[in-house]
Structures are given as C-alpha cells and as structure tokens.
Amino acid sequence: MGRAATAAGFALVSIFWPAANSQVLAYSLAAFMVISAKFLWDYASVPSAPKSVRGLYAGSAVAMILAGLVMAFRPETLVVAIAGAAAWILAGALEIVVFIRHRAEFVPFKDQLVTGFVSLGAGASLLMGLHLDAHGLLGLAGGGAIILAVFVLISAFGLRHAAKEPETGLWS
C-alpha cells in the first residue's frame, strides 16, 4: 500500500504541477525513487518472504536510491531522465527475475511480472523521451507511476482480501 500511495502521490505532482522545470522533475522523481526503494525493501524483508529475494530487492533499492541522489545533486533534465530510466529498468528487470524464480515460494511475488514490466516500460519511455523538456519527461514518469499505482493497489487489496478468507484464503 505504501508503494502504491507513493506512486499515486508522485503521479498527482506530475499531473497538477503547472509549470514543471528541471528542478521539479529532479526533486519529485528523486523523492519518488528514494521512498519507493524504502517500500521495496520493506516488502522483501517481511519475515514470511523468502530470504533469497532480499539481494534482488536490495539491488533495486540501491539503484533507486543512487538514481535519487544523482537527480538531487545533478538536476539537469538529461541527467535526471537517464538516472530515472536506469533505475526503473534495473528494478523492473529484477522484479521479473523475482517472479520467474520465486513466485511459487511467496504468493505476493506472482504480481511482480506486471510491476516489473510497468517499471521497464516507464524506464524505456524516459529513454525514448530524452529529447523532451522537463515537463514532458515529468509527464512520462508520472504516467508510469499512475500505471504502477493502479496495479500495486489492485495487488494489495486482492492479497488483503484473500488473506481474510480462512478456508480458501491466501495462507491456507
């Protein structure tokens, strides 16, 4: 839920900021990346999650934190777009690896295929939009965040509902 709320919050900033410049793009995307890294790590480090995925999620979290730091210290549009694209592509690829290798071990990992491809798509869109200004890149990043927020919310509510069903639920 935290990851979805973070993505939705960033998406709202990307939609409703009237005149986005490179600083708005850099600082809002950096905040999104760093906060998302925290929630990715929290997700992977719950006691019921397999310990074998922690390295993969740590890689995603580190990539997002490093991208956020690069954006904060170098808020030029091109640098932000490349850093954001690299972090999203790496995180998306690692989520797909988690899905392929570990979906049978931990039910919530079955949703990582979708979030992985959404992250890959968001990163790819930033790379394809390198010629755009800060406002255009913020729109691309925000679009990816909207899609991510929707899928993560659906997953979170679905898992919460399944966990409440005692006989046919998620944990039986």
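In which helix is S14 found? S14 sits in helix α1, which spans residues 2–16; helices here are DSSP runs of H or I with at least four residues, numbered from the N terminus. The model is predicted, so local features need pLDDT of at least 70 and side-chain atom pairs count only at pLDDT 80 or more, while totals for chains, interfaces and linings use all residues. Residues are numbered from 1 along each chain as its sequence is written, and side-chain values use heavy atoms, with hydrogens and water left out.

With a relative accessible area of 9%, S14 is buried (buried means under 20% relative accessible area, exposed over 50%, and partly exposed in between, with a 1.4 Å probe and protein chains only). The side chain of S14 reaches the backbone oxygen of A11 at 2.7 Å. This is a polar contact, that is, a pair of N or O atoms within 3.5 Å; within protein, one must be able to donate a hydrogen and the other to accept it, and residues adjacent in sequence count only if both atoms are side-chain atoms. Leaving aside residues up to four places away in sequence, S14 touches L138 and G142, where contact means heavy atoms within 4.5 Å.

Helix packing comes next. Two packed helices are described by the angle between their axes and the distance between the axes. The axes are lines fitted to C-alpha atoms, for helices over the stretch in contact, and angles run from 0 to 180 degrees between N-to-C directions. Helix α2 (residues 22–44) packs against α4 at an angle of about 20°, with the axes 10 Å apart. The two helices α2 and α4 are therefore roughly parallel to each other; angles under 35 degrees count as roughly parallel, over 145 as roughly antiparallel, 65 to 115 as roughly perpendicular and the rest as oblique. On the α2 side the contact is made by S22, L25, A26, L29, F32, M33 and L40, and on the α4 side by T77, V80, G84, A87, W88 and E95. By class, the residues of this contact divide into nine nonpolar, three polar and one charged (Ala, Val, Leu, Ile, Met, Phe, Trp, Tyr, Cys and Pro count as nonpolar, Asp, Glu, Lys and Arg as charged, and the others, Gly among them, as polar).

L29, found in helix α2, gives a residue-level view of this region. At 1% relative accessibility, L29 counts as buried. Not counting residues up to four places away in sequence, L29 touches F10, V24, M71, V80, G84, W88 and A141. L29 and P47 are 18 residues apart in sequence, and their C-alpha atoms are 30 Å apart in space.

Helix α4 also packs against α3. The axes of α3 and α4 cross at roughly 170° and come within 9 Å, which makes α3 roughly antiparallel to α4. Residues of α3 in this contact include L56, Y57, A63, M64 and M71, which meet a set in α4 that includes V80, G84, L90, L94 and H102. The contact of α3 with α4 has 16 nonpolar, four polar and one charged residues. In the loop between α3 (54–73) and α4 lies P75, which is buried at a relative accessible area of 14%. P75 touches S22, Q23, A26, Y27 and V80, again not counting residues up to four places away in sequence.

On to α5: the axes of helix α4 (residues 77–102) and helix α5 (residues 112–128) come within 7 Å and cross at roughly 160°. That makes α4 roughly antiparallel to α5. Among the α4 residues in this contact are A81, W88, E95 and F99, and among those of α5 are Q112, T115, F117 and L127. The contact of α4 with α5 has 15 nonpolar, seven polar and one charged residues.

T115 belongs to helix α5 and counts as buried at 5% relative accessibility. A polar atom of the T115 side chain lies 3.3 Å from the backbone oxygen of Q112. With residues up to four places away in sequence not counted, T115 touches R3, E95, L148 and V152. D111, in the loop between α4 and α5, counts as partly exposed at 28% relative accessibility.
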